[in-house]
Amino acid sequence: MEIIRTNHSGGVVAPFPAVAVRNLQVRYRSVLALQDVSLTLVPGQLVGVFGPNGAGKSTLMKAMLGLVPIESGTVLYQNRPLTQQLEQVAYVPQRSQIDWTFPATAWDVVLMGRVRKSGYLTRFSATSRQRAMEALERVGMADLRDRRIGQLSGGQQQRVFLARALAQEATLFFLDEPFVGVDQKTEDILFSCFRELVSLGKIVMVVNHDLGESITQFDRLLLLNRTLVADGSHQQVLTPEVMSRAYGGQVNFFTGQIA
Ligand code: ADP
Ligand code: MG
């Protein structure tokens, strides 16, 4: 059973290996993108980060991984800075940040997930090639492994990047809007992989814009709008009061769209 106590600052005190974000603040020149965000990610929970465009969702993920400078605050994993343990992390950026014209095949992309394990200047080991193949099979992309990444559909591309994350054999998984532009089959595969990772005790944090009824697939929702507006189960978070605090005005209960 999970034992999670919410503390006074809205964070969570957990008795097991956790990612602890404390009082995180990020500023881009004059824009305060994140203000005093505290949260704790624990194994065994599929965590979805929601919020409107420009809410700071990508910034939160990047700041946690040291990809943008932090103005103040800490991000620890097992009580040590997460940025010193990036070998534990698999990160799939938002699709707008990926160069889809890069002349790599699906196989190349997935094998890149093994670079840390194989080393940069050595040939990929048999184990690495096997892990890459297993990952492609897991997401239903083994048949298309020789296809250029730019020639795949949005859903297929997203599955290739998930396969790369799986091939990394990471402990912590961070995905930024993986559901954008994907088909139903891909959405099902993504959720099934996330569920499997969570059941293996991995930490999985997924940023979303909106997801319709699939939002209920997450064990925990973090609602962000520069500050952390809500943190809880979908029953706790998907209330008209909380949603209007995050999105402003009238919002559709399930889609998060402003009516
Ligand atoms: P989200 O992912 O929720 O859409 P972002 O984290 O991308 O939001 O952006 C949060 C805010 O920070 C927005 O106002 C955005 O315009 C601003 N922002 C994001 N990246 C940069 C940057 N590199 N330089 C300046 N402002 C940025
Ligand atoms: Mg974003």
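Is glutamine 157 buried or exposed? Hi everyone, let's start there. At 4% relative accessibility, glutamine 157 is buried (under 20% relative accessible area, with exposed over 50% and partly exposed in between, using a 1.4 Å probe and protein chains only).

A quick word on the source: this is a predicted model, where local features need pLDDT of at least 70, side-chain atom pairs count only at pLDDT 80 or more, and totals for chains, interfaces and linings use all residues. Residues are numbered from 1 along each chain, chains are lettered from A and ligands numbered from 1 in the order written, and side-chain values use heavy atoms, without hydrogens and water.

Back to glutamine 157, which sits in helix H5 (a DSSP run of H or I, at least four residues, numbered from the N terminus). Leaving aside neighbours within four places in sequence, glutamine 157 touches Arg95, Trp100, Ile149, Gly150 and Leu152, contact being heavy atoms within 4.5 Å.

Now H5 itself. Helix H5 (residues 154–167) packs with helix H6 (residues 184–199) at about 15°, axes 9 Å apart; axes are lines fitted to C-alpha atoms over the stretch in contact, and angles run from 0 to 180 degrees between N-to-C directions. H5 and H6 are therefore roughly parallel (angles under 35 degrees). Among the residues making this contact are Leu162 of H5 and Phe194 of H6.

Last, the magnesium ion, ligand 2: its protein donors are Ser58 (OG) and Gln94 (OE1), 2.1 to 2.6 Å away. Donors here are N, O and S atoms within 2.8 Å of the metal (3.2 Å for Na, K and Ca), and water is not among the atoms, so sites may look incomplete. Serine 58 is buried at 16%, while glutamine 94 is partly exposed at 23%. Thanks, all!

Notes
Helix = DSSP H or I, 4+ residues; strand = E, 2+ residues; numbered from the N terminus. Parallel < 35°, antiparallel > 145°, perpendicular 65-115°, else oblique.
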